[in-house]
Amino acid sequence: MFDTLSDRLTSVLQNLRGKGRLTDADIDATAREIRIALLEADVALPVVRAFIAQVKERAKGAEVSGALNPAQQVVKIVNEELVAILGGETRRLRFAKQPPTVIMLAGLQGSGKTTLAGKLALWLRKQSHAPLLVACDLQRPNAVTQLQVVGERAGVQVFAPEPGNGVGDPVDVARRAIEEAKHAQHDIVIVDTAGRLGVDQELMRQAADIRDAVQPDEVLFVVDAMIGQDAVTTAEAFRDGVGFSGVVLTKLDGDARGGAALSVREVTGQPILFASNGEKLEDFDAFHPDRMASRILGMGDVLTLIEQA
Amino acid sequence: ARSRSAFGQSLLGLLGGGDLDEDSWTEVEDTLLMADLGTATTLEIIEKLRDQISSRGVRSADDARAVLRAVLVDALHPSMDRAVRALPHGEGDARVPAVVLIAGVNGTGKTTTTGKLARVLVADGRTVLLGAADTFRAAAAEQLATWAGRVGAEVVRGKEGADPAAVAFDAVKRGIEAKVDAVLVDTAGRLHTKAGLMDELGKVKRVVEKQTKVDEVLLVLDATTGQNGLTQARVFSDVVDVTGVVLTKLDGTAKGGIVFQVQRELGVPVKLVGLGEGADDLAPFEPGAFVDALLGVNQ
Ligand SMILES: Nc1nc2c(ncn2[C@@H]2O[C@H](COP(=O)(O)OP(=O)(O)OP(=O)(O)O)[C@@H](O)[C@H]2O)c(=O)[nH]1
Ligand SMILES: Nc1nc2c(ncn2[C@@H]2O[C@H](COP(=O)(O)OP(=O)(O)OP(=O)(O)O)[C@@H](O)[C@H]2O)c(=O)[nH]1
Ligand SMILES: [Mg+2]
Ligand SMILES: [Mg+2]
């Protein structure tokens, strides 16, 4: 139904090749199209606004290169700005100087935390670590069983002293998990927590209590790539409620543009560490800002054009 | 209802001659965009609002707000039939249960909705059987079985990795034999982009239909979903002919505005909303209340 961004831009700016400098009108017309593309990609409105303002600012001073038409010129700037915000280089996991390294997962219901726990565990195990998975979701029906199955698939131990389904105290489990890890010589502890809403103050408090109990080296905010405008509100709520040091984007194997990557990164300043892209435990990768930039804009072809120019 | 932009309280600025000032138009546009209506739908709503404000000669900010509310409610087609078809067919020996299929992408709340819907039916004096046709996700069948125990329904499940269509078939067969009123079939989450998994879902439905018709196919959409929700709805509808939408997680800050496009495109109503993780957190979809929450009107 929607034309690609490149189609739309080309139609807006067809006859402008060969001008020496971008006019304000060129820039405005292009900016309008990019605004729509970003909104259609679910980038949050306040982030779109700030971003477009930044791009316009840069575009105004730009010389038109002989090979690029104005649309391409602006797109090139947009792409560079996107990559810059998304983080030019991937940050690696931070390990504790004194093991165990503790990684806590937090996020909305159904975002992919438990699956990610298994993915991280498998990935780390393959790098000769000995992770321990900790079942601190004692709320969602059979979350504990799910983590046990996932742990088995990943070939790692699961610390699940409480049955869950409403029974047991997650903060207590978290505390005991650290003892267990030291005792059984696990160098990494991955804490799975229950899904919670940003507005649920009681559960947010619980997340903060779990955090205080385990003193994590990383708190990863797990966010579904299909999320829309709510990304900002939710990211802010988790930032303020529990705090996080990194982001993981899940379900990238779908066709959502994933504008949340930009929103969350821009609003919280925290880097995106990993991309989760499938239901299987191997479907997991480091996050690549450049791929994400062209995905958000839906303009792989324009980038190729620019590269070839 | 909590919301960031307390639109319901804000003062829309009026210009003379039935128009709003620039800031007010921006505010309306922002409210709609931030609720995930999408750019095209937002523009359409604004056009309609413009027409109505000038043709009705709106005089106060309250009137303007009322017109906006009406335009939005109207865009949700309030006259659509939103009843969930979960009552048995036929009499006596010929009686067969209603069959409801629950589908959607990963993690939207399908299993939870299945449990909640069973609760509503059981509370209404109906007998319900749950079919655990998610044989893929870790502990999915256990999760559904826990729900079955919680709400007082029977459950039919297969082994992990079993053919989901076979489990669904068995569940419906058992439901017919046991003369229950409704069989609710929970399916695995799947992204609409995965052709193999979508074929599998189509097969689940076809195989069930060898015994009796599927009365209702509910697409479970997460209210946090952005513009991708429309694509999801399209593809699921192509494969299993969706008859109703369930909008979950409306207890959070997300507004769920993608349903404007989904309803229009599919011609199928949102029937239920999920308002929490508990067994009783399921409610009928009411366009008026939905729009009020979207606009941040506190009641
Ligand atoms: N396609 C796809 N599915 C995923 C991905 N990550 C997780 N899932 C699926 O998403 C659903 C929810 O994943 P979970 O790991 O249970 O999510 P959660 O955040 O632990 O959920 P709660 O504990 O209920 O809050 C499951 O069906 C997973 O298989 C992914 O990257 N791609
Ligand atoms: N706050 C809130 N949470 C919900 C609601 N509906 C479901 N959940 C939660 O969302 C998470 C996922 O729910 P499930 O029912 O497992 O989702 P699903 O669609 O069956 O997931 P898969 O089978 O893995 O695709 C769980 O933590 C549920 O408790 C709702 O209306 N509000
Ligand atoms: Mg979980
Ligand atoms: Mg499920």
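Predicted model: local features only at pLDDT ≥ 70, side-chain atom pairs only at ≥ 80, totals over all residues.
Reader: Which residues come nearest to ligand 1?
Author: Gly112(A), Lys113(A), Thr114(A), Thr115(A) and Arg140(A), out of 23 residues around ligand 1.

Reader: Which chains surround it?
Author: Chains A and B both contribute residues around ligand 1, so the site is shared between chains. One contact from chain B is Asn106(B), with a side-chain N or O atom 3.3 Å from an oxygen atom of ligand 1.

Reader: On to ligand 2. Which residues come nearest there?
Author: Of 22 residues around ligand 2, these are Lys110(B), Thr111(B), Thr112(B), Arg137(B) and Glu277(B). Residues from chains A and B surround ligand 2, so this site is also shared between chains.

Reader: What do the arginines Arg140(A) and Arg137(B) do at ligand 2?
Author: A polar side-chain atom of Arg137(B) is 2.5 Å from an oxygen atom of ligand 2. For Arg140(A), the distance from a polar side-chain atom to a ligand 2 oxygen is 3.1 Å. Taken alone, ligand 2 exposes 650 Å², and the protein buries 97% of that.

Reader: Which helix supplies the largest share here, and what is the class make-up of the shell?
Author: Helix H4 of chain B, residues 110-123, supplies four residues, the largest share. The shell has two nonpolar, 12 polar and eight charged residues.

Reader: Changing topic: what is the strand order in the chain B sheet?
Author: S5-S4-S6-S3-S7-S8-S9-S10, an open sheet of eight strands with mixed pairing. S5 (154-157) and S10 (282-284) of chain B are at the edges with a single partner strand each, so one side of each has no neighbour in the sheet.

Reader: In what sense do S8 and S9 of chain B pair?
Author: Parallel, over three bridges. Within that pair, Val245(B) has Val270(B) as its bridge partner.

Reader: Which strands does helix H7 of chain B lie across?
Author: S3, S6 and S7 of chain B. Helix H7 (residues 195-208) runs at about 175 degrees to S3(B).

Terms used:
Residues numbered from 1 in each chain as written. Chains lettered and ligands numbered in written order. Heavy atoms only, no water. Near = heavy atom within 4 Å. Polar contact = N/O pair within 3.5 Å; in protein donor to acceptor, adjacent residues only side chain to side chain. Pairing = 2+ DSSP bridges. Helix = DSSP H or I, 4+ residues; strand = E, 2+ residues; numbered from the N terminus. Contact = heavy atoms within 4.5 Å. Axes fitted to C-alpha atoms, helices over the stretch in contact; angles between N-to-C directions. Areas by Shrake-Rupley, 256 points an atom, 1.4 Å probe, with all protein chains shown as cover. Nonpolar A, V, L, I, M, F, W, Y, C, P; charged D, E, K, R; others polar.
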